[in-house]
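Q: Can you walk me through this one? I'd like the strands, the helices and the chain contact.

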Amino acid sequence: MTTSSHNDICQLVRNPIDMPALIREVRAPEDGAIVTFDGFVRNQSHNRPTLYLDYEAYESMALAKMREITGQLHEKFAIHSVAIVHRLGRLEIGETSVFIAVSAPHRAAAFDACRFAIDTLKRTVPIWKKEYFEDGAVWADGELPPAPAATSRAKPAS
Amino acid sequence: MATVSQSTCLKVLFFGRLKDLIGRAEDSVNSADAATIEQLFALYAARNPELAKYRPSLVASRNQEFAAWDTPLHPGDEVAFLPPVSGG
């Protein structure tokens, strides 16, 4: 388990995600709301029945990017604490692959922060899933993370 | 590629479909062979022509930060080539 300030939790796990335990971790007496996101394995992809998924990560960078997201949440939203957990390895239909819980004194910030967290995770955290079908397997289409186009020192002098 | 001593090497990581294409997840390259991320990629593209077609849909990282293709490399750097991410 990796813990940063505000009792935030960022984890990559290979076993089922214990959602109730994470909700308890982010819950505090000064809070009035917790918003959670439970992302789980769908039984089809583009109308092809899925057998299972296999997730892999660039683990050290993924954890660093997840911690960046929790930092951004505290900067942007009036929240208390955050848990972001992603599971790796083989996941069956219906199993939770990613779980996010955000606690806050008031619900609006918790909703907004939770949405920002999952949207940002899907764009910036280096995790990949391979989809297994009856007749083969493919790496899922993904999103290209925003990266610097060129280093500043390489820009032509004008 | 030949494994070189820790002090002069670049650690190179491949993920997702790139790992399948290259046939390995991790490699080591003499840092003298690639001054930038672009040059490092070119070493592999020369050996795996199919790799070149993935170039427009990849990002690179240096020491676990997204990095521009012209980023200079130094001995001990860890470079990864990352296909579009699909977590969640």
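Q: Fine. What kind of model is it, and how is it numbered?
A: It is a predicted model, where local features need pLDDT of at least 70, side-chain atom pairs count only at pLDDT 80 or more, and totals for chains, interfaces and linings use all residues. Residues are numbered from 1 along each chain as its sequence is written, while chains are lettered from A and ligands numbered from 1 in the order in which they are written.

Q: Chain B then. What joins E3(B) to E4(B)?
A: Strand E3 of chain B, residues 59-62, runs antiparallel to E4(B), with 3 bridges between them. B:Ser61 has B:Phe66 in E4(B) as its bridge partner.

Q: And what is the strand order in the sheet of chain B?
A: The order is E2-E1-E5-E3-E4 in an open sheet of 5 strands with mixed pairing. Strand E2 (26-30) and strand E4 (65-67) of chain B are the edge strands, each pairing on one side only. From one strand to the next, the twist averages 30°.

Q: Which helix packs on that sheet?
A: Helix H2 of chain B, residues 37-47, touching strand E1 (9-14), E2, E3, E4 and strand E5 (78-82) of chain B. The direction of H2 makes about 65° with that of E5(B). Touching here means contact: the C-beta atoms of two residues, placed from the backbone, lie within 7 Å. Axes are lines fitted to C-alpha atoms, for helices over the stretch in contact, and angles run from 0 to 180 degrees between N-to-C directions.

Q: Switching to chain A. What elements does it have?
A: Chain A has 3 helices and 10 strands. From the N terminus they run β-β-α-β-β-β-α-β-β-β-α-β-β.

Q: How do H2(A) and H3(A) cross?
A: The axes of helix H2 (residues 59-76) and helix H3 (residues 107-124) of chain A come within 10 Å and cross at roughly 150°.

Q: Which strands does E9(A) pair with?
A: Strand E5 (residues 48-57) of chain A pairs with strand E9 (residues 127-133) of chain A in the antiparallel sense over 7 bridges, and A:Asp54 stands opposite A:Lys130 in E9(A). E9(A) is also joined by 4 bridges to strand E10 (residues 136-139) of chain A, again antiparallel. E9(A) and E10(A) form a hairpin with 2 residues between them.

Q: Last topic: how many residues are in the contact between the chains?
A: It takes 21 residues from chain B and 30 residues from chain A. Helix H1 (16-22), E3, E4 and E5 of chain B each supply at least two residues of the side of chain B that touches chain A. The residues of that side divide into 11 nonpolar, 8 polar and 2 charged.

Technical notes
Two strands pair if DSSP finds at least two bridges between them. Ala, Val, Leu, Ile, Met, Phe, Trp, Tyr, Cys and Pro count as nonpolar, Asp, Glu, Lys and Arg as charged, and the others, Gly among them, as polar.
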